[in-house]
Amino acid sequence: MYNEKVIKEFSDPQNVGELKNPNGVGTVGNASCGDIMKLFLRIENDIIVDVSFKTFGCAAAIATASTATRLIKGVTIEDALKVTNQHVVDELGGLPSQKLHCSVLAHEAIVAAIEDYKNNKINDK
């Protein structure tokens, strides 16, 4: 069902856990499958200097969350917002069609965490 890249990412996910002192947090979920993804960001000067995730879900949800964190770490928030679910799927070498929604969750978590950061920044002024 899963290719080697997905299995490797699931078996050894990167950036797992709750980041201390995040300034952006995004939580998204998909009621139809039960996957919940929480993304933590530490942003300085509009650059994502650290990122982590916690995911309750299947192997594809964990693999896509891990992949998404690798794709956005060290980039500007503007560039992170350009990371689509298709970028995540391509980085993983594909996903079964019934698991593509996990890549959508990863994209939505990025957007939600950056929106939270922007809201926090406005409220801090």
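Q: At what angle do helix α1 (residues 4-11) and α2 pack?
A: Helix α1 (residues 4-11) packs against α2 at an angle of about 85 degrees, and their axes are 8 Å apart. Axes are lines fitted to C-alpha atoms, for helices over the stretch in contact, with angles from 0 to 180 degrees between N-to-C directions. Helices (H or I, at least four residues) and strands (E, at least two) are DSSP runs numbered from the N terminus. This is a predicted model: local features need pLDDT of at least 70, side-chain atom pairs count only at pLDDT 80 or more, and totals for chains, interfaces and linings use all residues. Residues are numbered from 1 along each chain as its sequence is written, and side-chain values use heavy atoms, leaving out hydrogens and water.

Q: How are α1 and α2 oriented to each other, and which residues make the contact?
A: Angles under 35 degrees count as roughly parallel, over 145 as roughly antiparallel, 65 to 115 as roughly perpendicular and the rest as oblique. α1 and α2 are therefore roughly perpendicular. In the contact (heavy atoms within 4.5 Å), Val6, Glu9 and Phe10 of α1 meet Ala59, Ile62, Ala63, Ser66, Thr67 and Arg70 of α2. These residues divide into 5 nonpolar, 2 polar and 2 charged (Ala, Val, Leu, Ile, Met, Phe, Trp, Tyr, Cys and Pro count as nonpolar, Asp, Glu, Lys and Arg as charged, the others, Gly among them, as polar).

Q: At what angle do helix α2 (residues 59-72) and helix α5 (residues 100-124) cross?
A: Their axes cross at roughly 40 degrees and come within 8 Å. That makes α2 oblique to α5. On the α2 side the contact holds Ala60, Ala61, Thr64, Ala68 and Ile72, and on the α5 side Cys102, Ser103, Ala106 and Ile110. By class, the residues of this contact are 7 nonpolar, 2 polar and no charged.

Q: How many disulfides does the structure hold?
A: A disulfide is a pair of cysteine sulfur atoms within 2.5 Å. The structure holds 0 disulfides. For Cys58, the closest cysteine sulfur is in Cys102, 3.7 Å away, which is too far for a bond.

Q: How do strand β2 (residues 35-44) and strand β3 (residues 47-56) run?
A: Strands pair if DSSP finds at least two bridges between them. β2 and β3 run antiparallel, joined by 9 bridges.

Q: Which residues have a positive phi?
A: Most residues other than glycine have a negative phi. Between the strands of the β2 and β3 hairpin lie 2 residues, and Asn45 takes a positive phi near 50 degrees there. Asp46, in the loop between β2 and β3, has phi near 65 degrees. Asn15 has phi near 60 degrees and sits in the loop between α1 and β1 (24-30).
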